[in-house]
Amino acid sequence: MDLITHTADLAAACERLARHKVITVDTEFLRETTYYPLLCVVQMASPDEAVVVDTLAPGIDLKPFFDLMANEAVLKVFHAARQDIEIIVHRAGVIPHPIFDTQVAAMVLGYGDSIAYDQLVERITGHRPDKTHRFTDWSRRPLTAEQMHYAVSDVTHLRDVFTALDADLKKRGRSEWVSEEMEVLTSPRTYDFHPERAWERLKTRVRKPKELAVLMEVAAWREQEAQSRDVPRGRVLKDDAVGDIATHAPTSLEKLAGLRSLPRGFDRSKWGADIVAAVQRGIARDPRSLPKIEKQRNNSNGAAIVELLKVLLRMTSERHAVASKVIATVDDLERIAADDHAEVGALRGWRRELFGEAALKLKHGRLALAIEKGRVIRVDRDEA
């Protein structure tokens, strides 16, 4: 099979693929040393053919590919789609739609939390994919025959995986569950890279408005710096250092130098003054303009509720053969323990029907857990 290196050949291939209702898509990229992923290869397949596109070929215009991704008449099937979509959004401002993510579908069907592609292929087709080139340098040219074979097999096996998962979803009446997840994956907000929202990615928990304000400003500065230099965020400042700065709010280079989370001499770098300025901007912010800080949920009773909710979640996951991760996260459980109206996925849509309502009943004593013949069971106490 020939590698597509010219725009005319890419346009012709995309025209052929667009005649099909469903195609499979995958990308190969590098991002270890950059902020934005470097797109190296695109592979696509229909029931009739598979193509591999050299996205680094001199002079090639990827517009036909991006147009195909936006074609509403063609369902694009990915596995673990988020990073692939992120690349397309960055390169073309296009969010592929409609899409189907086989990793999400597999979780909905009980294949476990975030199952890897090769494991899913083996479980569904019996074929064991070659993983040799998973971590290869896809930016090097020329591509080898082995790399080409690997790239093609990714999207050809994906056809069989999609067919099996789609049929199982329809059989079990869960197609709409996956559709809800695809709406999240194709939401512009999911790929909003504005520095002002960078703080939301951090796991750091702040307790005071001043800490939150500083966190927001320092995270925004780091995001802007990483974007402008096209380097990973951690190359600018580690997450734990951002949290440390938010907590201590150093307003001078001397105070910045006292933070153990920063490398020795960092305060004397060109970034030292930038961070101090970001801290000062945070301190100066009007507290009324800040998002509401969630109350800490560290009391022992709250922790006990979360542990019970974990048991209920595991029971629900096993009973309905749905990965627990796709139903609710630990953070979801903590927020439900603290607030009946928490803005979490577990209290919306199919998740609420499957788990959320029962979680609230358990929290308020209208449902109990008991052990019967060595198994944990639910006991409905609504009539008690």
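The model is predicted, so local features need pLDDT of at least 70 and side-chain atom pairs count only at pLDDT 80 or more, while totals for chains, interfaces and linings use all residues. Residues are numbered from 1 along each chain as its sequence is written, and side-chain values use heavy atoms, with hydrogens and water left out.

I begin with the salt bridges. A search of the whole structure gives 22 of them, a salt bridge being a side-chain nitrogen of Lys or Arg within 4 Å of a carboxyl oxygen of Asp or Glu.

One of them pairs Arg-351 with Glu-181, at 2.7 Å from N to O. Arg-351 belongs to helix H16 (residues 349–363) and Glu-181 to helix H7 (residues 175–185), so the pair ties together parts that are 170 residues apart in sequence. Helices here are DSSP runs of H or I with at least four residues, numbered from the N terminus. Arg-351 is buried at 10% relative accessible area, and Glu-181 is buried at 14%. Buried means under 20%, exposed over 50%, and partly exposed in between, with a 1.4 Å probe and protein chains only.

A further salt bridge joins Arg-281 and Glu-217, with the closest N and O atoms 3.2 Å apart. Because Arg-281 lies in helix H12 (residues 270–284) and Glu-217 in helix H8 (residues 209–229), this pair links parts 64 residues apart in sequence. Arg-281 is partly exposed, at 39%, whereas Glu-217 is buried, at 14%.

Finally, Val-311, Ile-371 and Val-376 make a nonpolar surface patch of about 260 Å². Patch residues have over 30% relative accessible area and no salt bridge, with nonpolar side chains joined within 5 Å and like charges within 9 Å; accessible areas come from the Shrake-Rupley method with a 1.4 Å probe. Val-311 is partly exposed, at 34%.

Definitions and conventions:
Helix = DSSP H or I, 4+ residues; strand = E, 2+ residues; numbered from the N terminus.
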